[in-house]
Amino acid sequence: MLPWKRVVRSLVRPLTALLLTAAVAAVPAATAHASDAPSSGWNDYSCKPSAAHPRPVVLVHGTLGNSVDNWLSLAPYLKKRGYCVFSLDYGQLSGVPLFHGLGPIDKSAGQLSAFVDQVLAATGAPKADLVGHSQGGMMPRYYLKFLGGAAKVNALVGLAPDNHGTDLDGLTKLLPYFPGAADLIKATTPGLADQVVGSDFLTRLNTGGDTVPGVHYTVIATKYDEVATPWRTQYLSGPDVHNVLLQDLCALDLSEHVGIALFDRIAFHEVANALDPAHATATTCASAFS
């Protein structure tokens, strides 16, 4: 008979793989490294913000994403509209190339803090705007709340952010039936464990309120989200919060968790509105062609 610990591991490993598969969903295979990002406007440290767009935009990828693949459409979209655009890699695990956002989220927030300082120093701007997908829309809230980010950030825009955790369509509810599963996931992929509903990280993040003063918050969600579930838990509560459901803007929008950041120009239009509310225009189905 196999030792009990070996039995647990034999059961947990497939479950961990299933959790990873559900989290990555339809993420495409990585095609580039951060160093391959376009040099004109996107990660161009010679870019100086204009009077029209005085703050650089920092893009924060999601779990299992990276600084390039997550932003192959949105970064050029913003660049074309005159923004200085930057993106970082965070949450790297040793021996796991390209698929990031798996490290402890509080440590990832520290990486974001250092990157924002680097961008502000290069551009000369006093503040940046942050746009994040999934974990990348939630993790910056730790930076804002605990690492002094509120003094350096004007707005946080989250695309399908798991602000109050995820149950992966109920999949995480299976964890108690696999003794040792939660501990193994936390030990091997802490960034995943931190995102499960009720985690110690999320409890700390959300205790005392979702927001901090001085930052403008926008959450853009889709009711077809299959990863950050239930989708309504993505919304934030507090002052200066704008929660948006894509299907309220365009009932024909079928984007799910990955598509909202990869190619949904309706969502992109709403991001642009959040970055420049003084010149916002109505987001409709026609925004897909704007």
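**Salt bridges and a buried strand**

Let's begin with Asp117, which is partly exposed at a relative accessible area of 34%. Keep in mind as you look around that this is a predicted model. Lys152 is partly exposed as well, with a relative accessible area of 25%. The side chains of these two residues, Asp117 and Lys152, meet in a salt bridge, with 2.8 Å from N to O. Asp117 sits in helix H3 (residues 105-123) and Lys152 in the loop between helix H5 (140-146) and strand S4 (153-159), so the contact ties together parts that lie 35 residues apart in sequence.

Now turn to strand S1 (residues 57-60), which is covered on both faces. Side chains in a regular strand alternate between the two faces of the sheet. In S1, Val57 and Leu59 are buried on one side, and Val58 and Val60 are buried on the other.

S1 has parallel neighbours. Four bridges join S1 to strand S2 (residues 85-88), with Val57 opposite Val85. Together with helix H2 (residues 74-80), S1 and S2 make a right-handed β-α-β unit. Four bridges also join S1 to strand S3 (residues 128-133), where Leu59 has Val131 as its bridge partner.

Arg55 lies in the loop between helix H1 (4-24) and S1, 74 residues from Asp129. Asp129 counts as buried at 1% relative accessibility, whereas Arg55, at 21%, counts as partly exposed.

Notes. Residues numbered from 1 in each chain as written. Predicted model: local features only at pLDDT ≥ 70, side-chain atom pairs only at ≥ 80, totals over all residues. Heavy atoms only, no water. Buried < 20%, exposed > 50% of the residue type's maximum accessible area, 1.4 Å probe, protein only. Helix = DSSP H or I, 4+ residues; strand = E, 2+ residues; numbered from the N terminus. Pairing = 2+ DSSP bridges. Right-handed = clockwise from strand over helix to strand, strands pointing away. Salt bridge = Lys/Arg side-chain N within 4 Å of Asp/Glu carboxyl O.
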